[in-house]
Amino acid sequence: MPETKAVSTLDNVVVKSPNDRRLYRVIELENGLSALLIHDPDIYPEGYAADQIDEDDEDGEEEEEDSDGSYEDDEEGDDEDDDEVEGKGDQQTKKAAAAMCVAMGSFLDPPEAQGLAHFLEHMLFMGSSEFPDENEYDSYLSKHGGSSNAYTEMEHTCYHFEVKREFLQGALKRFSQFFVAPLMKTEAMEREVLAVDSEFNQALQNDACRLQQLQCYTSAKGHPFNRFSWGNKKSLSGAMENGVDLRECIMKLYKEYYHGGLMKLVVIGGESLDTLESWVVELFGDVKNGSKIMPTLEAKGPIWEGGKLYRLEAVKDVHTLDLTWTLPPLRHAYVKKPEDYLAHLLGHEGKGSLLSFLKGKGWATSLSAGVGDDGINRSSLAYVFGMSIHLTDSGLEKIYDIIAYTYQYLKLLRDASPQEWIFKELQDIGNMDFRYAEEQAADDYAAELSENMLAYPVEHIIYGDYVYRTWDSKMIADLMGFFTPKNMRIDVVSKSIKSEEFQTEPWFGSHYIVEDVPLVLMETWINPSEVDNSLHLPSENQFIPSDFSIRATSSDGDLKSQSPPKCIIDEPLMKFWYKLDETFKVPRANTYFRINLKGAYGSVKNCLLTELFINLLKDELNEIIYQATKLETSLSMYGDKLELKVFGFNEKIPALLSKILAIAKSFMPSLDRFKVIKENMERGLRNTNMKPLNHSTYLRLQLLCKRIYDSDEKLSVLNDLSLTDLNSFIPEVRSQIFIEALCHGNLSEDEAVNISNIFKNSLTVEPLPVKSRHGEQITCFPLSAKLVRDVNVKNKSETNSVVELYYQIEPEEAKSTRMKAVLDLFSEIIEEPLFNQLRTKEQLGYVVECGPRLTYRVHGFCFCVQSSKYGPVHLLGRIDNFIKDIEGMLEQLDEESFEDYRSGLIGRLLEKDPSLLSETNELWSQIVDKRYMFDYSQKEAEELRSIEKKDVMKWYKTYFKESSPKSRRLAVRVWGCDTNMKETQTDPKSVQVIADAVAFKSTSKFYPSLC
Ligand SMILES: [Zn+2]
């Protein structure tokens, strides 16, 4: 190794929260690369000793994927929990992580090969001189409890990973080679173009992506905005066909910009800063030397021509109005954040706000404003300030009026001149958020900080996002000068565009028309003659907390923090769980409530009336909830249960809950709000299942859950419901309830009891008896079941098909974690080979994943592939082929690799919760599932120690091998618009096709309800 040294080293320079125990060091290498090293003492809480590392390097085959089982309401989720110390290495620990941000992105795509920067990002994963295997990096991470990801922005590209703590150095070795000597083999390039193309096909039917691309496409020719940054087969392979040497282009891009001067690295480990420094110096010293001057972009004139209105045809049934103003770049003014002042006011939802006014007119349902976080909105060229309004049907007819009122509000802001007290509120909130920030997952944190290294000076790498240091009213006033009709772009996105003469955006193929905004309107907007009386500045926020005292008393919280929540109230009306936080010691608390409502899920009509009620209640509560800035509130329905969550800074929780409950108790909706909310729900139901992946999950749950109401049926019943129906239903549904709750965080037991009293005092209702509470039952598939459900995509232009192959295992056994342990381990072992085979090698599609599914406590396992290239019959065949190969793969798996997977999984289970919120969510899931095993992950980790390879083999043979009677499966196939269901004629005879979900369930058996 060439001995490079860090040319500079800065300790204690990065401003951090007094609560932050991590140590930060910034170094710079000779090649210009700067790195932020973070020592996190929680990674090795027992203390780090160099000899406990059994150095890296074993080899094998595995790979990552950021699997996402999150389409479900009530399924799966990774677990972590508390644990006790039990022998070496069994303590709660955290993962190590790293991220590299390179200051180049899609703005530097050559016009003849668009999407090249994104493609380059993909190619770095495909092997390096030192580690030539295509999946070496991901395989290494997967074997050691890690994962990775990357993304390409307009002016930077970020790569990040996390891994079990003792494998950080090994992972960095592989990672560093991305930036030293990637192979970029032609043959891999040809295949990976398909992955980029599949990724693009994922975005193809997404309205937000279509709008962004329309904005790029209609920007001034020659401007850096005028491009197609996703990349697809046409832009990349097409370039090759046009004689462009793609490999040469990609190498040129790499050579020009992948050098130390443009690289920002973040490494988070449990080792000392000196050790981390020596690793970085050794591994990244070979990165090419380069200048720190950022790539310059040529941009002349405005991005868009003023005075135009674009109407874009939507995929979903939505109406949105987007107003866009171009501001100068404001990165240098980050200590003033003038754009946030304006975003705060234009996006306000309280009394006197623009949204409140537009809602009063029945024109809008929601509004957001500000400069988006992504690279197109915040670049070195411009800050793009957007205002996005969701419209009702009648709002769609009033576009110009809405814009006129927007300019009235802007006039109000101008006339009132910038107010320092509003800035002070933002400042207080920023400082509070910084002081008591909740920790994120290590890899997200690393990625965020590496991006920040490009944006802020060293001392503000963390604080830069939060700081509001200097009040500059002139700067705000100047900025308001940019909010003119001439500097505004208008986009209306809606399902129906009323013209035959639409134009077509070439990459997405979306339809749009351009209109000229009448000049006389533009002139009245510039200087409105009056401002409507109901528009005014917000009043002072009474909900900003000022009491940050901590309830925890112990100085060493370790033992207490592992005690489970305590049941402090157990009565016919309510059951309250309580836990004082002694781990994080922040002034935050999370209070969650599940409220069974009488008959709320008894029929499709009741289900809809309940949803109407809840949505109207949310609408009614909006202004109050919005004022409670530092508290999050959510209201949602699960079966007959209303879930209310209020969480954040704890001081104002009781005050907010009192207000919410007082309104909930007596609220009766008005006719005009009823109409708006009903219209919104109808739209929501029409948009359900437009995405094939959501659709396949929905279809599976429809067959699994005994009582589930079909979205089309709901739509037709909803159509006939009136306010009278609702008003007679509300007193009934409110008459009997049962509450189960968790209060966790910075609350004393008395305070938790107090919260329960708020419920008792506000609601004078009868307890809902156990037998009247809804419990879901799950279909029990017959032995050897081979079920198939075929459905066409709901969106007629959707080219993606999906196959979701679900194997039913068994219901959970009481107090046992064994089945879950085997399932998770099985998943851990096969995930990367599945990805490597079906995505990297066969290129079936962008989404290739598998994982456990827990449906109301019945275990299952899913394989899922989404493809725009192949039909469901082919996809299912390829999945089947892979499943057959698992047996041989398991047989060949050596003991050492098996042990890696097992200890990787144990490490993951014993990982420390990064934040109070994630701990609360873990505890809450035990309550929701009525399992109440608050040490579930710890138990599962213990169980894993006794699981051997032969157990996994046996389990595979029992539940997956075709000849086993316990192998019971359901293949949901969603057919893309270019496929033909006639292909099912080749299905084997043994398959049972389910044509009608209701008929199928009427003859099915069900497991007893567990939750
Ligand atoms: Zn990608």
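Me: How far apart are the end C-alpha atoms of residues 825–924?
Reply: They lie 24 Å apart, and the span is 62% helix and 19% strand. Helices (H or I, at least four residues) and strands (E, at least two) are DSSP runs, numbered from the N terminus. This is a predicted model: local features need pLDDT of at least 70, side-chain atom pairs count only at pLDDT 80 or more, and totals for chains, interfaces and linings use all residues. Residues are numbered from 1 along each chain as its sequence is written, and side-chain values use heavy atoms, without hydrogens and water.

Me: Which UniProt annotation covers that stretch?
Reply: The unreviewed entry gives "domain: Coenzyme PQQ synthesis protein F-like C-terminal lobe" for residues 825–924. Such annotations may be inferred rather than shown by experiment.

Me: Switching to voids. How many cavities of 30 Å³ or more?
Reply: Six. A cavity is a set of points on a 1 Å grid where a 1.4 Å probe fits but cannot get out.

Me: What volume does the largest cavity have?
Reply: About 70 Å³, counted as the space filled by probe spheres set on the points.

Me: And what lines the largest cavity?
Reply: The lining (residues with an atom within 4 Å of a point) includes L124, F125, F131, D133, Y137, R174 and F178. By class, five lining residues are nonpolar, three polar and four charged; Tyr counts as nonpolar and Gly as polar.

Me: Helix packing next. At what angle do α2 and α3 cross?
Reply: Roughly 165°, with the axes of α2 (residues 136–143) and α3 (residues 168–176) coming within 10 Å. Axes are lines fitted to C-alpha atoms over the stretch in contact, with angles from 0 to 180 degrees between N-to-C directions. The two helices are therefore roughly antiparallel (over 145 degrees).

Me: Is the α2 crossing of α3 left-handed or right-handed?
Reply: Left-handed, meaning the near helix is turned anticlockwise from the far one by less than a right angle.

Me: What about α19 and α21?
Reply: Their axes come within 9 Å and cross at roughly 160°. α19 passes α21 in a left-handed crossing.

Note on methods
1 Å grid on protein atoms, 1.4 Å probe; cavity = no way out; pocket = protein on both sides within 12 Å on 5 of 7 lines; lining within 4 Å. Parallel < 35°, antiparallel > 145°, perpendicular 65-115°, else oblique.
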